[in-house]
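My notes follow in the order I made them.

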Amino acid sequence: MDRLSEAERWLKQALRDLDAAKGSLADGYYEWACFQAQQAAEKAVKALLYGLGVGAWGHSIVELLGILKDRYDVEELMPLARELDRHYIPTRYPNSFESGYPAMYYDYEAAERAIKAAEAIITWVRGRLRELGLTT
């Protein structure tokens, strides 16, 4: 598969994951909104990496952005990436907490922050893909 096609497929799924996060937020599934926002940003960064012809493995947005640091200034994205990476496991597994289950620990504000962080990362990625001529 060529770089353009691979970048497009990952970006399209990132945008669907972002829409899913917004739906989960609206429906009150705040833990899922946070996880889906993390997934959206992760897939967007992978879209850029694939667009550059670089392999992308793993789920940490911080680490994926780290691969790009020699080519782009990613420092402003790192706080957003750290925020989102915190939602990768605890949003899904009850044993991430001393007691209770994930839904007890997530609220509207956390989900809204996660979605805004994902939107910012996706916007940044789209800009870089445009510069490369890999998206409109």
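Entry one: a helix pair. I looked up α1 and α2 first, and they pack at an angle of about 165°, with their axes 8 Å apart. Axes here are lines fitted to C-alpha atoms, for helices over the stretch in contact, and angles run from 0 to 180 degrees between N-to-C directions. α1 and α2 are therefore roughly antiparallel to each other (angles under 35 degrees count as roughly parallel, over 145 as roughly antiparallel, 65 to 115 as roughly perpendicular and the rest as oblique). I noted their crossing as left-handed, meaning that the near helix is turned anticlockwise from the far one by less than a right angle. In the contact of α1 with α2 I find 16 nonpolar, five polar and five charged residues. Ala, Val, Leu, Ile, Met, Phe, Trp, Tyr, Cys and Pro count as nonpolar, Asp, Glu, Lys and Arg as charged, and the others, Gly among them, as polar.

Entry two: the ground rules. I am reading a predicted model, in which local features need pLDDT of at least 70, side-chain atom pairs count only at pLDDT 80 or more, and totals for chains, interfaces and linings use all residues. Residues are numbered from 1 along each chain as its sequence is written, and side-chain values use heavy atoms, with hydrogens and water left out. Helices (H or I, at least four residues) and strands (E, at least two) are DSSP runs, numbered from the N terminus.

I find 25 residues in α1, residues 3-27, and a reach of 36 Å from first C-alpha to last, close to the 36 Å expected at 1.5 Å a residue. The expected span is 1.5 Å times one less than the number of residues. Which residues of α1 are buried? I list E6, A7, L11, A14, D17, L18, A21, S24 and L25; buried means under 20% relative accessible area, exposed over 50%, partly exposed in between (1.4 Å probe, protein chains only). Their cover includes α2 (30-51) and α5 (108-131). Just after α1, G28 takes a positive phi of about 85°.

In α2, 19 of the 22 residues are buried, so α2 is largely enclosed by the rest of the structure. Just after α2, G53 has a positive phi of about 80°.

The axes of α2 and α3 come within 10 Å and cross at roughly 20°. That makes α2 roughly parallel to α3. I noted a left-handed crossing here. From α2, Q38, A41, E42, V45, K46, L48 and L49 meet I61, L64, L65, I67 and L68 of α3 (contact means heavy atoms within 4.5 Å). By class, this contact has nine nonpolar, one polar and two charged residues.

Entry six: two loop residues. L52 is in the loop between α2 and α3, and at 15% relative accessibility L52 counts as buried. Beyond its neighbours within four places in sequence, L52 is in contact with R3, L68, R71, Y72 and L132. Where is Y105? I find Y105 in the loop between α4 and α5, partly exposed with a relative accessible area of 39%. Leaving aside neighbours within four places in sequence, Y105 is in contact with F97, S99 and G100.
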